Amino acid sequence: MSTTPTSTATHAIEVRDLHKSFGDLEVLCGIDFRVAPGEVVCVIGPSGSGKSTLLRCVNRLEEPTSGQILIEGEDITDPDADVDALRSRIGMVFQSFNLFPHLSVLRNLTLAQRRVRKRSKGEAAEVARSNLERVGLSDKVDAYPAHLSGGQQQRVAIARALSMEPDMMLFDEPTSALDPELVGEVLEVMRRLADEGMTMMVVTHEMGFAREVADRVVFMDGGVVVEEGPPSEVLVAPKHERTRQFLQMVI
Ligand code: ADP
Ligand code: MG
């Protein structure tokens, strides 16, 4: 779905005039940004442009300096906001898979379900198995991360996030740490999620994925959104010189 709803409450994510500084360095300089339910938005831009910081602000891994972030209409920058409840609605997948190396795949998937969702052992295991099946790794339930390829580890990380049954998923360069031959299997899982209607915000350098899967592409540079629109516009006929220069470098 790519239509933009008019009512605030219907946005999955709404960012208003977001600023973030680290000391004297202003990294986000007034970002306005929306994601509709079921929408897939790819965020592209040069290294250091603030993409990860934006994503990390959305699930409060970083404290914004000013501005507002609404998740499903709820202002999460409010000091009284329940950050744990918020995080359980937002799945996050990082470049480094961040699996617990000393735990089996099954335990990696059940840990947060049991602690945060308070699920019984049996229920958590059932949810874990169904999500492993979703990413094509049913046979790895008892494996340890070190025995999996990078692509398999990242698919486990996706299954782990899905096991919390989030309303939306944030991906921060999920394939950047992978050997080239392993990128496709992870993108395929993400593509399927998008087809199933998951709301997704994806920071990526995979322009093929952005072109084929994104409803909207957002180009960031220097802490601002330079331009955004459907991939057929932003990636094919960018309006801004900075976007053109960036695309020439990555495509
Ligand atoms: P991107 O993901 O687009 O590469 P980042 O959001 O990671 O960009 O970083 C944007 C800028 O913020 C960079 O200059 C980076 O060095 C700086 N930065 C990010 N995190 C921190 C931090 N915790 N402390 C200080 N500077 C940071
Ligand atoms: Mg980054």
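Helices (H or I, at least four residues) and strands (E, at least two) are DSSP runs, numbered from the N terminus. With that in hand, let us walk through this predicted model, in which local features need pLDDT of at least 70, side-chain atom pairs count only at pLDDT 80 or more, and totals for chains, interfaces and linings use all residues. Residues are numbered from 1 along each chain as its sequence is written, chains are lettered from A and ligands numbered from 1 in the order in which they are written, and side-chain values use heavy atoms, with hydrogens and water left out.

We can start with the overall form. The protein holds nine helices and 10 strands. Its C-alpha atoms fill a box of roughly 50 × 45 × 35 Å along the principal axes. The radius of gyration is 18 Å, which agrees with the value near 18 Å for a compact globule of 251 residues; here the radius is taken over C-alpha atoms, and the globule rule is 2.2 Å times the number of residues to the power 0.38. Of the 251 residues, 52% count as buried. Buried means under 20% relative accessible area, exposed over 50%, and partly exposed in between (1.4 Å probe, protein chains only).

Now to the sheets. Strands of a sheet pair through backbone hydrogen bonds, either parallel or antiparallel. Two strands are taken as paired if DSSP finds at least two bridges between them. One open sheet has four strands in the order S2-S1-S4-S5, with antiparallel pairing. Its edge strands are S2 and S5 (74-75), each of which pairs on one side only. Eight bridges join S1 and S2 in the antiparallel sense, and Phe 22 stands opposite Leu 25 of S2. Strand S1 (residues 13-22) is also the place of Lys 20. Why does Lys 20 count as buried? Because its relative accessible area is 9%. The side chain of Lys 20 reaches the backbone oxygen of Glu 63 at 2.6 Å. That is a polar contact, meaning a pair of N or O atoms within 3.5 Å; within protein, one must be able to donate a hydrogen and the other to accept it, and residues adjacent in sequence count only if both atoms are side-chain atoms.

Phe 22 and Leu 25 also lead us to the ligand. Both are among the residues around ligand 1, along with Val 27, Pro 46, Ser 47, Gly 48, Ser 49, Gly 50, Lys 51, Ser 52 and Thr 53; a residue is near a molecule if one of its heavy atoms lies within 4 Å of it. Strand S2 (25-35) and helix H1 (51-58) each supply at least two residues of this shell, and H1 gives the most, with three. By type, the shell divides into four nonpolar, six polar and one charged residue. For this count, Ala, Val, Leu, Ile, Met, Phe, Trp, Tyr, Cys and Pro are nonpolar, Asp, Glu, Lys and Arg are charged, and the others, Gly among them, are polar.

Which side chains have an N or O atom close to an oxygen atom of ligand 1? In Lys 51 such an atom is 2.7 Å from a ligand oxygen, and in Thr 53 the distance is 2.5 Å. A polar backbone atom of Ser 49 is 3.2 Å from an oxygen atom of ligand 1. The protein covers 59% of the 560 Å² of accessible area that ligand 1 has on its own; these areas come from the Shrake-Rupley method with a 1.4 Å probe, and for residues only the protein chains shown count as cover.

Next comes strand S6 (residues 90-93). In a regular strand the side chains alternate between the two faces of the sheet. In S6, Ile 90 and Met 92 point one way and Gly 91 and Val 93 the other, and all are buried. Four bridges join S6 to S7 (residues 168-172), and the two run parallel. Met 169 of S7 is the bridge partner of Gly 91. Gly 91 is also 5.0 Å from Ala 161, C-alpha to C-alpha, although the two are 70 residues apart in sequence. Ala 161 lies in helix H5 and counts as buried because its relative accessibility is 8%.

Finally, look at two loops. Most residues other than glycine have a negative phi, and most peptide bonds are trans. Lys 118, in the loop between H3 (105-115) and H4 (121-134), has a positive phi near 60°. Glu 165, in the loop between H5 (150-163) and S7, has a positive phi near 50°. Lys 118 is exposed at 66% relative accessibility, and Glu 165 is partly exposed at 47%.
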